[in-house]
Amino acid sequence: FNLTPVDWVAHAMVNIATSPTWAGKEPGSAFHPAADGNTVTMEDIASVLSEAGYSGLRTVDFTAWRSKILAHPERFKSWSFCASLAVDGDGLDAMAGNSRGGKAIKEVVGDEAFNKFEPRVCLRRMLRYCQEAGLLQA
């Protein structure tokens with residue numbers, strides 16, 4: 001999974017749309033606004049959840065998991081997302097070049113913040129938010 005703070009992505013999109021740096025230079029181009037080194041694995045996610053006190057986690061085969069979700073859409077809110085997942089692994093997101101999108105992000109957040117970005121820290125913050133908002137048990 002790729003984690004990039006959504007406010008960074010939003011600012012980068014505005015930057016690409018309005019800045020003279022980008023104006024008309026790449027018409028019809030697609031940008032993949034993502035921070036460098038933003039990938040977290042299922043092992044990272046399991047580790048962060050374990051650190052937060054969630055126990056009894058186990059890994060399961062991807063295709064078996066996807067089949068279970070799709071077989072019971074009434075029980076799983078994420079069924080439509082799962083339907084779009086075709087394969088196990090890094091997927092298309094990992095194959096997309098992010099140099100231009102990364103440059104647009106770096107222009108708005110600055111080199112220091114961009115270079116210090118740590119996806120596991122972002123993941124921990126997301127988990128804490130979900131707990132505080134009552135979306136996950138603390």
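This is a predicted model: local features need pLDDT of at least 70, side-chain atom pairs count only at pLDDT 80 or more; totals for chains, interfaces and linings use all residues.
The cut-off for exposed is over 50%. Lys116 is exposed as well, at a relative accessible area of 59%.

The side chains of Glu112 and Lys116 meet in a salt bridge. The N to O distance is 3.1 Å. Both residues lie in helix H7, which covers residues 111-116. Glu112 and Lys116 are four residues apart, about one turn of the helix. Side chains of opposite charge can pair when their charged atoms come close.

## A network around Glu51

The structure holds four salt bridges. Some of them share partners and join Asp44, Glu51, Arg120 and Arg124 into one network.

Take Glu51 and Arg120. Their side chains meet in a salt bridge, at 3.1 Å from N to O. Arg120 lies in helix H8 and Glu51 in helix H2, so this pair ties together parts that are 69 residues apart in sequence. Now take Glu51 and Arg124. These side chains also form a salt bridge, again with 3.1 Å from N to O. Arg124 sits in H8 and Glu51 in H2, so this pair links parts that are 73 residues apart in sequence.

How accessible is Glu51? Its relative accessible area is 47%, so Glu51 is partly exposed. Arg124 counts as partly exposed too, at 30% relative accessibility. Partly exposed runs between the cut-off for buried, under 20%, and the cut-off for exposed, over 50%.

## How H2 and H8 pack

Helix H2 spans residues 42-51. Helix H8 spans residues 119-132. H2 and H8 pack at an angle of about 50 degrees. Their axes are 10 Å apart.

Are the two helices parallel or oblique to each other? Angles under 35 degrees count as roughly parallel, and 65 to 115 as roughly perpendicular. The angle here is about 50 degrees. H2 and H8 are therefore oblique to each other. The crossing has a hand as well: it is right-handed.

## A nonpolar patch on the surface

Charged pairs are one side of the picture. Which residues form a nonpolar patch on the surface? They are Tyr129, Leu135 and Leu136. Together, these three have about 330 Å² of accessible area.

Leu136 lies in the segment after helix H8. Its relative accessible area is 36%, so Leu136 is partly exposed.

Val109 lies in helix H6, which covers residues 99-109. At 23% relative accessibility, Val109 counts as partly exposed. The cut-off for buried is under 20%.

Val109 and Ala12 are 97 residues apart along the chain.

## The whole protein

The protein has eight helices and zero strands. From the N terminus on, its elements run α-α-α-α-α-α-α-α.

The protein has 138 residues. Of these, 24% count as buried.

Technical notes. Residues are numbered from 1 along each chain as its sequence is written. Side-chain values use heavy atoms; hydrogens and water are left out. Patches are made of residues with over 30% relative accessible area and no salt bridge: like charges are joined within 9 Å, nonpolar side chains (Val, Leu, Ile, Met, Phe, Trp, Tyr) within 5 Å. Accessible areas come from the Shrake-Rupley method with a 1.4 Å probe; for residues, only the protein chains shown count as cover. Buried means under 20% relative accessible area, exposed over 50%, partly exposed in between (1.4 Å probe, protein chains only). Axes are lines fitted to C-alpha atoms, for helices over the stretch in contact, and angles run from 0 to 180 degrees between N-to-C directions. Angles under 35 degrees count as roughly parallel, over 145 as roughly antiparallel, 65 to 115 as roughly perpendicular and the rest as oblique. A crossing is left-handed if the near helix is turned anticlockwise from the far one by less than a right angle, and right-handed if clockwise.
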